Amino acid sequence: MEAMQLDSQKTFHRKHSTYHCFVSFLLLAILFFLFLLDFSFTSFLCCVPMQLLLFSTFFFFFFFFLFYQKEVLFFLGLIKSLKINQDETYEITKEIYGGQQYSQIYFARLHMMRTVLYSLVPDWKPHFPVCTVLGLEKDKECIIVGTLYKHMKLKPCILDEYSKERSAIPLVKPHNFMHPDDHLVLEDESGRVKLSSDVLLPSIYVTGVVVALHGKETDAGDFLVLDVLEAGLAPQVDVPLNSREDKYVVFVSGLSVGNNASNPLQYQLLVDHITGHLGDEKEQGSAAEIVHVVVAGNSVEVPAGLLNGQNLTSKDQTRLSEPIIELDILLTQIAAGVPVDIMPGSNDPANFSLPQQPLNRCLLPGSATYNTFRSCTNPHCFELDNIRFVGTSGQNIDDLSIYSDGDDKLDFMERTLKWRHLAPTAPNTLGCYPFIDKDPFLIESCPHVYFAGNQDKYGTRLITGSEGQVVRIISIPKFSETGIAVVLNMRNLECHTLTFGTSI
């Protein structure tokens, strides 16, 4: 494996020697030009201001290239793609926790989404007034905007844990907590009202979704919903696709390095394919068009029983660090040939609540030495050649599948886009940081590619919006269980799978 790593590093240096030669040539050319000027126009250059101007110009271009070398090389065509990281929204380094509660993130969500829905109401129901919950009048049709709360009979409650210890009734653990008696409640700053309708199905919606409802108050005090307005897909930057050349982005999740059932050879086959050391000339040519790799969470799996709150022996400490060391070796080989992003997952050594912060670079010292390696947040947002990517490690989609119904995980992913919120169940049933004045999970700009990692199986769908938005949604399966990685072609947003197996 070390020999393969060294070979991959050599390939990387050969691949990027053109860039280094270009930089050296540029600097030498500037110095030579200044040298000629100094001898050809001696009398002209004796002027001190002119010398200062030349030197300041030289240093300006030098530092400009130093700070914007990726943009300059991309403009000159010396690198294949330009990536812009946009994870600042999900970083909590500047946040100060002062004991605040979660009500503020709900207020921020309602404020932002209500502005969006108010702008859509005139084209939806222009002849009905918009009022608050407190301003409802009996049998008068109107429109109200608020946050949904889903009352669930089977939803776990911490108080029930104590009663269950004294109960002889066995606990039932269904695949989710849906029940026919579940109902929805709409809430805004003025109050809340119970909803009744055949249009607004409790099986589809979850707590935290902001919607606009058309209906009227009944004799029982409920609000009879006649129609529902969702925010829909957010505005999207139009990007011409078919005029591009083939460039591939590889998605992989659920590596679970350290799992007893995992196969190291399967990991190495994946790395060899990405770095171009596997397959015939045609396959190596396709691998040469890979411009980015995204590792979407759950990269390591700590042996069960080690983290039990007890002091670890030296032997247990070694067992604890072995999966991370092995992961670092794999990522180093990939980062030596192609840019790679790694996102934290629910099983990784990172904070549990969303947004998860980047894995500490000290955990991955080998791969962290490359400027092609990037430890990212979860959710993760970036742009590659003006194509916007947004994705998570799968916790938001898994939580939706517990508290609502859907045919597959792609249904849940599509709903989050139409609700314009990546994690609507946070902070109700999905842990998140208590932000004060913002909700970072709101989708203000519609992505071109939306992915979720650590799913049971691969799935993809191309959805379109009312304003011509086009989004490729991808469900990325767990690699340790399926041996499947997903490859996206940036030219046309088509994707396919790569399956790695070791069985004969």
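This is a predicted model: local features need pLDDT of at least 70, side-chain atom pairs count only at pLDDT 80 or more; totals for chains, interfaces and linings use all residues.
Helices α11 and α12 span residues 395-403 and residues 409-419, respectively. Two packed helices are described by the angle between their axes and the distance between the axes. Here the axes come within 9 Å and cross at roughly 105 degrees. The two helices are therefore roughly perpendicular to each other. On the α11 side, the contact is made by I397, D398, L400 and S401. On the α12 side, K409, F412, M413, T416 and W419 take part. By residue class, this contact divides into five nonpolar, two polar and two charged residues.

Helix α12 is mostly covered, with ten of its eleven residues buried. The buried set consists of K409, L410, D411, F412, M413, E414, R415, T416, L417 and W419.

After the helix comes R420, whose phi is positive, near 60 degrees.

R361 sits in the loop between β9 (340-343) and α10 (365-368). Its relative accessible area is 39%, so R361 is partly exposed. Leaving aside residues up to four places away in sequence, R361 touches A368, Y370 and F373. With A368 there is also a polar approach: a polar atom of the R361 side chain lies 2.7 Å from the backbone oxygen of A368. R361 and R374 are 13 residues apart in sequence. Their C-alpha atoms are 8.9 Å apart in space.

The cysteines were examined for disulfides. A disulfide is a covalent bond between the sulfur atoms of two cysteines. The criterion is a pair of cysteine sulfur atoms within 2.5 Å. By this rule the count is zero. For C131, the closest cysteine sulfur is that of C142, at 3.2 Å, which is too far for a bond. Seen from C142, the nearest cysteine sulfur is that of C131, and C142 is in no disulfide. C142 is buried, because its relative accessible area is 3%, under the 20% cut-off.

Methods. Residues are numbered from 1 along each chain as its sequence is written. Side-chain values use heavy atoms; hydrogens and water are left out. Buried means under 20% relative accessible area, exposed over 50%, partly exposed in between (1.4 Å probe, protein chains only). Axes are lines fitted to C-alpha atoms, for helices over the stretch in contact, and angles run from 0 to 180 degrees between N-to-C directions. Helices (H or I, at least four residues) and strands (E, at least two) are DSSP runs, numbered from the N terminus. Angles under 35 degrees count as roughly parallel, over 145 as roughly antiparallel, 65 to 115 as roughly perpendicular and the rest as oblique. Contact means heavy atoms within 4.5 Å. Ala, Val, Leu, Ile, Met, Phe, Trp, Tyr, Cys and Pro count as nonpolar, Asp, Glu, Lys and Arg as charged, and the others, Gly among them, as polar. A polar contact is a pair of N or O atoms within 3.5 Å; within protein, one must be able to donate a hydrogen and the other to accept it, and residues adjacent in sequence count only if both atoms are side-chain atoms.
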